[in-house]
Amino acid sequence: TENFDRKLARRDARQLGLNKGYLPSSIKEVILTLTQAGFEAYIVGGGVRDALLGLEPKDFDAVTNATPTQIKEVFGKRCRIIGKRFLLCHVYSGRDLIEVATFRATPTGGNHTNEDGMILRDNVWGDIFADVVRRDFSINALYYQPFEGFVYDFCDGLTDIKNRTLRLLGDTKTRVEEDPVRLL
């Protein structure tokens, strides 16, 4: 993870055609609230990918360095911690539900996967550098900070979007074993 460089990975969101004005107020409110509480917070995954492709994103997910307990402290009654295998937070903003995940690190030791390699427990927190290597595809590993106006692209996902290429990150066998739905 020390191979990643924030400066090299940083891209201007406006030059990529991303404008926070087009984002729903719900995702902006969640990102801004986490940022104002002193945490890193980004839009990540399909919402960023779809916006870059000129498609209408169906939803937006957030990722942060705040733990689920800290996210709950920030949002109070508007937040529910869900899941066993993957602890996530559902944050209600107006009528919208925003899924907020904590940066994940690679689990160490046993008992986090079954005999087929599928992840059973994955609640080891990390930083953005640990999180990026856990993402499934390069095009889903783009971190958009709408208030600072940049996107972090640590693994050349923007090139893959431009070339309409779907590239698994890390070891393919491991990524598919972790979540077999990725094959679809």
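This is a predicted model: local features need pLDDT of at least 70, side-chain atom pairs count only at pLDDT 80 or more; totals for chains, interfaces and linings use all residues.
1. Helices here are DSSP runs of H or I, at least four residues long, and they are numbered from the N terminus.

2. Look next at α4 itself, residues 68–75. Pro68, Ile71 and Phe75 are buried in this helix. Seen down the axis of α4, the buried residues fall within an arc of 55°, so they line one face. An α-helix has 3.6 residues a turn, so residues three or four places apart point the same way.

3. α4 lies across β3, β4, β5 and β6. Its direction is at about 165° to β4.

4. Now the sheet. It is open and is formed by 8 strands, with mixed pairing. The order is β1-β8-β7-β2-β3-β6-β5-β4. Which strands stand at the edges? They are β1 (10–12) and β4. Each has a single partner strand, so one side of each is left without a neighbour in the sheet. From one strand to the next, the twist averages 35°.

5. β5 and β6 run antiparallel, joined by 5 bridges. Cys89 stands opposite Val100, a residue of β6. As background, strands of a sheet pair through backbone hydrogen bonds, either parallel or antiparallel.

Terms used: Residues are numbered from 1 along each chain as its sequence is written. Side-chain values use heavy atoms; hydrogens and water are left out. Buried means under 20% relative accessible area, exposed over 50%, partly exposed in between (1.4 Å probe, protein chains only). Helices (H or I, at least four residues) and strands (E, at least two) are DSSP runs, numbered from the N terminus. The arc is that of the directions from the helix axis to the C-beta atoms. Two strands pair if DSSP finds at least two bridges between them. Axes are lines fitted to C-alpha atoms, for helices over the stretch in contact, and angles run from 0 to 180 degrees between N-to-C directions. Contact means heavy atoms within 4.5 Å.
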